[in-house]
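I am starting a notebook on a structure that is new to me.

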Amino acid sequence: MNREKILVIDFGGQYNQLVARRVRECSVYCEIYSYKTDLEKIKAMAPQGIILTGGPDSCYAEGAASCSRELFDMGIPVLGLCYGAQLMMHVLGGRVTKAPVREYGKIEVDVDRSSRLFGNVSEKTVCWMSHNDYIEKTAPGFRVIGRTADCPAAAAEWEEKQLYAVQFHPEVLHTQEGTKIIHNFLYEICRCQGTWKMDAFAENSIEAIREKVGSGKVLCALSGGVDSSVAAVMLSKAVGEQLTCVFVDHGLLRKDEGDQVEEVFGPNGPYNLNFIRVNAQERFYERLKGVEEPEQKRKIIGEEFIRVFEEEAKKIGAVDFLVQGTIYPDVVESGLGGESAVIKSHHNVGGLPDYVDFKEIIEPLRNLFKDEVRRVGLELGIPEKLVYRQPFPGPGLGIRIIGEVTPEKVMMVQEADAIYREEIARAGLDRKIGQYFAALTNMRSVGVMGDERTYDYAVALRAVNTIDFMTAETAEIPWDVLGKVASRIVNEVRNVNRVFYDISQKPPATIEFE
Ligand code: XMP
């Protein structure tokens, strides 16, 4: 098994997952931990290196996120990024103050190529900056290895102690040679070997699962999305007939999706998953009646899911393990990994309620980012069409209908979404946009149809491009395509008389509506 590891210590900055992804892209495994993590625990993990992320605080302010001096005395290389860099200086005796000139955006940095961090980097290199404070004076022992017009210590090192600090964000793609810099840290400074490979991951995990499961029975929650499909196929390769996959049609799927999932994973498809489809639409609608609050809706859908599984498990006899397709961003966004605020409770993460009597949960993808899951999927021979499928949230259309969910509203959003997807595909844009879907707003407004006044709902069209789903930009859809979609929706979907095009970015909006 791969044991080489980098720790990313999270100070609550917005690019923290990007840091971890960049490290993994360099074939080095890493995990994100909160800055509150016990030093002993960090020591016990014996990482090859530590990266301190950015964060929103001022390191000299009272109550600011901090770390102990000992972190820098363990003989483990440390790279501080932005806040992490300032904190390193602050803790080790340098001076960090409010910068006379706040730097934001792409800034040219003059780097000293005699540093191992910048060996193969251009002397003048464009980096992404976003800071109010700056390092006014480096801590004793450090030498400056990077400068900008307004930042006299944009990078610093203490070579003997293997401590490195950069004011900019190498993890952001706008930093033109950012990956090179991270690569240098990992390979030239931490002496990593680069053992994190996806094919090894699949092979090793399948073997480990086989060992863990033994002769136990396994139940898998299959949604037809990329994550659970990859998890299911992994399990099927590991334990074959011992696996049963349950697909819950909660009535919040896209139009015809239930049948499509059954086609691929059911008994007539190419896999042997002991596929069971549960048509539980009515149960979900019943429990969602009158519920408007988004978090409550998510919780209800999540709980109901678990109950359905429990019932299925009873029907098929004792079950030892439950498989879930949780991936790493779910873990971090649910507040279990790093320091990021809990944004949404993803229903597939966290502890199970007491009444569930599975022995254990298996989450084979818990440490992977989405693009890594896709690579594993391809590795396992899952068709590209499935592997590159659009992400669809576990709570489904339940979080794309603002306010109360009713079967009628589900129909509206299903029809509108189907039209939208059809027209996007017809325009040849389906592979070019990261994620796009229709949502149903809770707004009703007056319109006119024929000679009659209407008082109907408004559909919102969402289309975003994103690399990591943590940030997203609006995708620009040509006006004629949008016009066609809008006109088809108001004409073909009953009770809808307006169509909006959502051009908000994430942040501050999220991709989904709830
Ligand atoms: P947000 O709305 O948080 O979405 O910007 C980011 C990505 O995550 C998906 N998403 C979910 N996936 N369970 C999931 O499995 C959920 O509860 C959930 N909520 C959001 C969303 O579709 C987008 O791709």
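Predicted model: local features only at pLDDT ≥ 70, side-chain atom pairs only at ≥ 80, totals over all residues.

**Entry: H14**
I looked up H14 and found that it runs over residues 479-492, which makes 14 residues. I read 20 Å from its first C-alpha to its last, close to the 20 Å expected at 1.5 Å a residue. I then checked burial and noted Val481, Leu482, Val485, Arg488 and Ile489 as buried. Seen down the axis of H14, these buried residues fall within an arc of 135°, so they line one face of the helix. What do the buried residues of H14 pack against? I found helix H13 (407-426), strand E16 (452-465) and strand E18 (496-502). On the face turned away from the buried side I listed the exposed residues Trp479, Asp480 and Asn491.

**Entry: Asp227**
I located Asp227 in helix H6, residues 226-239.

**Entry: H9**
I looked up H9 next and found 22 residues, 294-315. Its first and last C-alpha are 32 Å apart, close to the 32 Å expected at 1.5 Å a residue. Which residue caps the N-terminal end of H9? I noted Glu293, with a side-chain oxygen 3.2 Å from the backbone nitrogen of Glu295. Just after H9, I recorded a positive phi of about 90° at Gly317.

Notes: Residues numbered from 1 in each chain as written. Heavy atoms only, no water. Helix = DSSP H or I, 4+ residues; strand = E, 2+ residues; numbered from the N terminus. Expected span 1.5 Å × (residues − 1). Buried < 20%, exposed > 50% of the residue type's maximum accessible area, 1.4 Å probe, protein only. Arc of directions from axis to C-beta. Contact = heavy atoms within 4.5 Å. Polar contact = N/O pair within 3.5 Å; in protein donor to acceptor, adjacent residues only side chain to side chain.
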